[in-house]
Amino acid sequence: MKCFLFLVLLFTTQAWSPVVRNSFIPIDLERTLLQIKTNSIAGSGEWISFSAFTDNQFIGMLQVKFISHIRFYMYYCTSGGTDFTVEPGDEVDKTWTFQKTATALIVECNGVEVLNYKFSDGVNTKCASTWEGDILKKIKFNEADTASDSYQQKLP
């Protein structure tokens, strides 16, 4: 029984890895959760910032900016940032979880769903046509990312 539990844990969670900017990370975000650890607070001006790609093409950028209140930015979808549906907590240490479905991006902060963004609600018609479907195959943390400390991939 102990061996089985170990194997389940081994294959459902990878170890936390330090964030290396400008390096591709293979991930199928439709089947795997991306978790990012930060220790940033509202008002710090820091960013979570990563670009998303198909196998060989840029899709867009996802960002969380820690301004006076924490806002979400998504390439082709938001204009000037979007407030989270639920304001992320005041804890300094946060674990952000990103999951993409065929039609939406779901974001959690410390286990609480803070955003369920439907691509069809984007301010630009390119939002749905760019992000919908099972297309995201790799990401790259950007130089602008000053908030992400470590990440892991995890099965839902």
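Start by selecting Phe72 and Phe84: Phe72 is buried, and Phe84 is buried too (buried means under 20% relative accessible area, exposed over 50%, partly exposed in between, with a 1.4 Å probe and protein chains only). For Phe84 the relative accessibility is 5%.

Before going further, some housekeeping. This is a predicted model, where local features need pLDDT of at least 70 and side-chain atom pairs count only at pLDDT 80 or more, while totals for chains, interfaces and linings use all residues. Residues are numbered from 1 along each chain as its sequence is written, and side-chain values use heavy atoms, with hydrogens and water left out.

A pair of aromatic rings is described by the distance of the centres and the angle of the planes. Rings of Phe, Tyr and Trp (its six-membered ring) pair if their centres lie within 6.5 Å; planes under 30 degrees apart count as stacked, over 60 as edge-to-face and the rest as tilted. That rule gives 13 aromatic pairs. Phe72 with Phe84 is a tilted one, at 6.1 Å centre to centre and 55 degrees between the planes. Phe72 sits in strand S6 (residues 70-74) and Phe84 in the loop between strand S7 (82-83) and strand S8 (94-100), so the pair ties together parts that are twelve residues apart in sequence. Strands here (E, at least two residues) and helices (H or I, at least four) are DSSP runs, numbered from the N terminus.

Trp96 is buried, at a relative accessible area of 0%.

**One step along S6**

Select Arg71, also in strand S6. What does the side chain of Arg71 reach at 3.2 Å? The backbone oxygen of Gly80. Arg71 is buried, with a relative accessible area of 17%. Leaving aside neighbours within four places in sequence, Arg71 has contacts (heavy atoms within 4.5 Å) that include Gln63, Asp83 and Phe84.

**The sheets**

Switch to cartoon. S6 and S7 run antiparallel and are joined by two bridges; look for Phe72 opposite Thr82 in S7.

Another open sheet of six strands runs S1-S12-S3-S8-S9-S10, also with antiparallel pairing. S1 (17-18) and S10 (112-118) stand at the edges with a single partner strand each, so one side of each is left without a neighbour in the sheet. Zoom in on Pro18, which stands opposite Ser150 in S12.

Select Phe24, Phe53, Phe58, Tyr75 and Tyr76 together: they form one aromatic cluster. A charge sits over a ring if NZ of Lys or CZ of Arg is within 6 Å of the ring centre and within 35 degrees of the ring normal. Then find Trp16, where the charged end of Lys37 sits over the ring, 4.4 Å from its centre.

**Last stop: confidence**

Colour by pLDDT, the predictor's confidence in each residue, from 0 to 100. The chain mean is 91, and 91% of residues reach 70 or more. Over residues 1-12 the pLDDT is below 50, and beyond near neighbours in sequence this stretch has four contacts in the model.

Technical notes:
Pairing = 2+ DSSP bridges. Polar contact = N/O pair within 3.5 Å; in protein donor to acceptor, adjacent residues only side chain to side chain.
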